[in-house]
Amino acid sequence: MSDFLLELRSEEIPARMQAGARAELEKLFRREMDAAGVQAGEVTVWSTPRRLALIARGLPLATEAVSEELKGPPVGAPDQAVDGFCRKAGVAKADLETREVKGRETYFAVKNVPGRATADLLAEAIPAIIRDFSWPKSMRWGGASISTESLRWVRPLSGIVALLGDEVVDCEVHGVTSGAVTLGHRFHHSGDITIGNADDYAMKLRAGHVIVDHEERQDLIRSGASKVASEAGLRLVEDEGLVIENAGLTEWPVPLLGRFEEDFLEVPPETIQLTARVNQKYFVCEDEKGELANAFICTANIEAEDGGARVVDGNRKVLAARLSDARFFWDVDRKKTLAEHAKGLERITFHEKLGTVADKVDRVAKLARWLVEEEIVKPNTRHSREGGNPDNGGGTGNSGQLDPRLRGGDGLSREDLADMAEQAARLAKADLVTEMVGEFPELQGLMGGYYARAEGLPDSVADAIRDHYKPVGQGDDVPTAPVTVAVSLADKLDTLRSFFSIDEKPTGSKDPFALRRAALGVIRIVQDNDLRFGVAQGDLLDFFADRLKVQQREAGVRHDLIDAVFALGGEDDLVRLLARVHALQSFMDSEDGANLLAGYKRAANILKKEDWHGAEGEIARTGEEDPLAIVDDPDLKAVVAAKMEQRHASELSYAAEPAEKALMDALAKSEPAASRAIEDEDFSAAMAALAALRAPIDRFFEEVTVNADEENKRAHRLDLLARFRAAVHKVADFSRIEG
């Protein structure tokens, strides 16, 4: 057994591509080894900006000889069939063997494959891996690049280290031959580094100022950045994505702290952080109050003799230029009010069939107002976590001089709330035409909130503008302040209704307008704020149902219970739907629920077998020439149903058995009790009413013969089971429940 090392060295690999490249290298290596019959055990893959490295432990030195048998056509088959089999098997017809299979002579091809040295297999595998490597973007280079058949790689490939044990695996790709020599850090090490084997690879590169393990570099950046921040009396704002990106940009990471001018702190902190992060890959820091500090942390790729002073100064100048741009955008944007900016939305097309963004804003404003006026969103929906709360990004500007009732929407009259919701909706998209959002689209909504406060609008309006896109993901906060709830809900509902109205619906994995996300946002807002209204109709309601099923399954609710409630149909109140689902889940987890389900399924099976339809099945006895003549008559349908019910209630012409009478009495109590509970939306009480049927239905099946010889007994008992089934169906369609 021996260890194998493969290093593919090139010019800089973009940081964003390195994780995918590591996975691709391991996948292709295992593919080649599997095809060669080599069992690859533990495989480690590392990456730096200049190299991909793979170490495979415990490879055999050679493969074992194997004998392969392929069954062919029977003797006497047409020559074309036999010749085709020989070509497929790679043998001559004279080498075929014959054996008896089920009494018939049949051709067999027997191939004895000798064992091969693993080094030879690797020499063939390495060029195949490099040729088949998939990069998001790749290039050709050199004189050979004029041919479309030349090698493509992320950047020019410059070196291959291939060692099996202590021996070089000889191969050549695009003029690059394999060997045992690599290069160290671009600035800290000159000359070649000769690798002895897989075990000394990381050690020798470390001596050349290269930390080849990307996870070790990430750890160094996390701890180093936190340390330099702490030494300056600050706290690092953690950013895992930035840690990974900086590790992909450096082979010898050295975090350094720098300062920028305090004047830039006049700009919204999110703008500073985004500028530092996106444009420069810098971390930012907070002071002891939790406010953004005028400090940044860059990750150098060298250990400078001056402790990094020149590196920090150069980075400070670059960041200052970027922050100057951000401050310019901030100043320019505030020269116009949001209402003035909003006029620019008339020039932006929302969708060719749905008009401009200004048209959408008008629809959203009217819908937000309607949600308040119809008391779907109320002034005191829930205690606000917004408005003037520094932890939520609000409360700057002149909010301290406002009437406290304007802070989050609590305590407002319905008319005040409707006015503020409409105002916020009309301004919510205005920042889309600002300079700042044009530079940083990620800040849409957020900047609108800042601009609203800067011009003195109420906090509740500014908060609604800032947060109207929320929730944008599974872990995002859900708005709870009334004004924000109205605007956020209206925005998402308008998007869904508009695109469904022009038949632009998600299909398969395609959802170009993020309608699934919008639907989940509506569901979470409705749930968290206990909003009671019909969210949609038709196809859109079905779409909400599908999204709700997905959400509830992820939350641990059984899919069959969700289906059992949704199968009732006609329900567009999401709060009521979920209350019913959760009550059903609790009930089915109990012994009563499990036993009632068993009784239900037994009753349903009997009714299905007997094809029993209750009163409808006896319409022929009404004397009409056409049994169905008056059933659908709107004036007589209710009369017929009432007569059937009365007849069934009064025509018991025999003495009911005790178990039969017990079920009749239990239904007489449970049916109205369950109906009242459902009417009151007390679904737990409805389940409790159904639970009272458990013992009577069990006893009924034990003591009563349903298919009695007497027609009147059989009909009454089947009707009794139909009543039982109907009572259960008022809560959920138990036929959808597994078990």
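Student: What should I know before I start?

Tutor: Residues are numbered from 1 along each chain as its sequence is written, and side-chain values use heavy atoms, leaving out hydrogens and water. The model is predicted: local features need pLDDT of at least 70 and side-chain atom pairs count only at pLDDT 80 or more, while totals for chains, interfaces and linings use all residues.

Student: At what angle do helix α11 and helix α14 pack?

Tutor: Two packed helices are described by the angle between their axes and the distance between the axes. Here α11 (residues 414-427) and α14 (residues 459-467) pack at about 45 degrees, with axes 9 Å apart.

Student: Which residues of α11 and α14 meet?

Tutor: M420, Q423, A424 and L427 in α11 meet S460, V461, A464 and I465 in α14. By class, that contact has 6 nonpolar, 2 polar and no charged residues.

Student: How many residues does the largest nonpolar core have?

Tutor: A nonpolar core is a set of buried Ala, Val, Leu, Ile, Met, Phe, Trp, Tyr and Cys residues joined through side-chain atoms within 4.5 Å. The largest has 144 residues, and F544, L584 and F734 have the most contacts inside it. Helix α15 (residues 482-501) gives the largest share, 10 residues.

Student: Is A691 buried or exposed?

Tutor: Buried means under 20% relative accessible area, and exposed over 50% (1.4 Å probe, protein chains only). A691 has 18% relative accessibility, so A691 counts as buried. A691 and D592 are 99 residues apart in sequence, yet 5.8 Å apart in space, C-alpha to C-alpha.

Methods: Axes fitted to C-alpha atoms, helices over the stretch in contact; angles between N-to-C directions. Helix = DSSP H or I, 4+ residues; strand = E, 2+ residues; numbered from the N terminus. Contact = heavy atoms within 4.5 Å. Nonpolar A, V, L, I, M, F, W, Y, C, P; charged D, E, K, R; others polar.
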